[in-house]
Every structure is written in structure tokens, then in C-alpha cells.
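User: Please take me through this model and say what each label rests on.

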Amino acid sequence: MKSSLIILTLNEIEGVRTLYDRIPFDAVDECFVVDGGSIDGTVEFFRERGIKVVPQEIKGRGEAFRIAVKEAKGSYLIFFSPDGNENPGDIPKLLELLARGYDIAIASRFLSGSQNEEDDLRFPWRAWANRTFTYIANIIWNTNRNYITDTINGYRAVKKGAFNKLNINAPGFVIEYQMSIRAMKLGLKVVEIPTIEGQRIGGVSTAKSISTGLLFLRFLFKEIKNGRKF
Ligand SMILES: Nc1nc2c(ncn2[C@@H]2O[C@H](COP(=O)(O)OP(=O)(O)OP(=O)(O)O)[C@@H](O)[C@H]2O)c(=O)[nH]1
Ligand SMILES: [Mg+2]
């Protein structure tokens, strides 16, 4: 089965420069970037190295996923964000799980053996919020025995066929949560591996905690209202 590595960027030049040599391009059949409008040289960096960059007309991470799925030639897709949070060494491991029959393979920041970027903080607010949203999704929709520990991390491999069944229409940073919830609703085969989440290398976070939290709440209620349908 052909695989596509999709790199998601919005002004990540420092991360890209640091991580580029560690990205296992040999492990995939194609690689391209979906860019949300970088103005810091990220686009030029990839183009100079012969890597296709697909610009977004509609902004946001949700739209980036949808564009990527339309653009990808592979049936196995892996989404990688080069800001320092994600370990490029996990790319082949996640793809391997799709080859073994899973629909979605998530790099989890909350399994034993995992590390979360907030682990050293006294009040890891974002990690607590992530775990709470994850818990709610599991108790409502997870009918399989395996508890999904990180429904929110974007570092994941997905079969294109599975993605297309989920009718993903969420904007911004809630896309992965919607994908995980709908995968549970359909009883798709989801698996996780522990990952070590690094610190952001440079640039700035575009995920604002309060507005992102409210967006999550809105989408959680929408999914509850829809029942098992979507
Ligand atoms: N293509 C695309 N990528 C985006 C967009 N917004 C954010 N990204 C990328 O998605 C990844 C995750 O965004 P971050 O801002 O790091 O969000 P986060 O990981 O929750 O926040 P941090 O803790 O600061 O890392 C990064 O690689 C961003 O460059 C967008 O609109 N389009
Ligand atoms: Mg990040």
C-alpha cells in the first residue's frame, strides 16, 4: 500500500531547520507540505529541497487535513507537525500499524512510557483539559475494550478510506478530536503507541488555550446532539 507523509506548517522555520534531517523520507512513498500561510521562509525551505508545498486558501488546521487527504496519492497517511513536539522517529512505527490492519494509529502522550510537554509543570492545564476531553469521549462512545488515552494528538497515521468515512468537517485544532470521536462511533480499529513529546523549538503556538477549549466544548456538544450519526 502506498504511503504519504504530510507535513503541516504555519511559520515553523526554526523547527523545520532543526528536524529536517531526522525526517525518515525513505519510509514513505511521497511527501508534501500543507502550509497555512507561512511568511518566515518555511515554504521556500521545502521548495528549495524539491518538496511540494500545497498552500491553503481556507486557513486552519482542520482545512489542512482535508486538503492533504484530497492531495495524497497514498492510502496510508501520516500527519507530522515539525514544531518540536513530535518525534520523527515515530513515523515508520505509526505507518507499520496501518499495515497491520488498524484504521488509525495515534502517538499518545498519556500512555505509560509517554512524555507530555507539560510533564514538568506544576499545573499542566492543557494536559488536564486533554485528559478530560479524552475521558468524556471514551465513556460516551468507546464500545471497544481499549481505552484511547490521547484522542487529541494530531500526530497520527490514518487510512485514507477510514478518514473519508468520517465526514470530518471540524475547523482548526478540534479536527483530531472529532476524528477520534467519530472513529469510536463507527467502531474503527484505533491503536496507540507511547510518544515522547518535545518542547516547541521556535516560532509561536497558534493554539490559544481558552478559544481552543471553547471550540472543543462546542464540538463535543454537537457530537452528543448528533448521537451515533454524523
Ligand atoms: N497547514 C497548517 N498547519 C497549521 C495551521 N495552524 C497550525 N499549524 C501547524 O500545526 C502544528 C501544531 O500547531 P501548534 O501551534 O504547535 O499547536 P500546539 O501543538 O497545540 O501548541 P504548542 O504547544 O505551542 O506546540 C504546527 O506544526 C503548526 O505549524 C494551519 O492553519 N495550517
Ligand atoms: Mg505544537
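**Sheet, core and ligand shell**

Analyst: Seven strands form an open sheet with mixed pairing, in the order E3-E2-E1-E4-E6-E5-E7. Strands, like helices, are DSSP runs numbered from the N terminus (E, at least two residues, for strands; H or I, at least four, for helices). This is a predicted model: local features need pLDDT of at least 70, side-chain atom pairs count only at pLDDT 80 or more, and totals for chains, interfaces and linings use all residues. Residues are numbered from 1 along each chain as its sequence is written, while chains are lettered from A and ligands numbered from 1 in the order in which they are written.

User: What makes E3 and E7 edge strands?

Analyst: Strand E3 (52–55) and strand E7 (190–194) each pair on one side only. Two strands pair if DSSP finds at least two bridges between them.

User: How do you know that E5 and E6 pair, and in which sense do they run?

Analyst: Strand E5 (residues 104–108) and strand E6 (residues 156–159) are joined by three bridges, against a threshold of at least two, so they count as paired. They run antiparallel. Ile104 has Val158 in E6 as its bridge partner.

User: What are the bridge counts of E4 with E1 and with E6?

Analyst: E1 and E4 share five bridges in the parallel sense, and Leu5 is partnered with Ile78 of E4. E4 and E6 are joined by four bridges and run antiparallel; there, Tyr76 is partnered with Lys159 of E6.

User: Why is strand E4 called mostly covered?

Analyst: A residue is buried if 20 or more other C-beta atoms, placed from the backbone, lie within 10 Å of its own, exposed if 12 or fewer do, and partly exposed in between. In E4 (residues 76–80), five of its five residues are buried. Tyr76, Ile78 and Phe80 lie on one side, with Leu77 and Phe79 on the other. In a regular strand, side chains alternate between the two faces of the sheet.

User: Which residues is Asn142 in contact with, beyond its sequence neighbours?

Analyst: Leaving aside neighbours within four places in sequence, Asn142 is in contact with Tyr147, Ile148 and Met184. Contact requires C-beta atoms, placed from the backbone, within 7 Å. By the same rule, Ile78 is in contact with Ser3, Leu5, Ile6, Ile91, Leu94, Leu95 and Ala157.

User: What makes a set of residues a nonpolar core, and which members touch the most others here?

Analyst: The set must consist of buried Ala, Val, Leu, Ile, Met, Phe, Trp, Tyr and Cys residues joined through C-beta atoms within 7 Å. The largest such core has 52 residues, of which Ile6, Leu77, Ile78 and Ala157 touch the most other members. Helix H7 (residues 175–186) gives the largest share, six residues.

User: Which residues come nearest to ligand 1?

Analyst: Gly36, Ala64, Ser81, Ser205 and Ala207 come nearest, out of 21 residues around ligand 1. A residue counts as near if its C-beta atom, placed from the backbone, lies within 6 Å. Strand E1 (3–9), strand E2 (30–35) and helix H3 (61–71) each give two or more residues to this shell.

Methods
Two residues are in contact if their C-beta atoms, placed from the backbone, lie within 7 Å.
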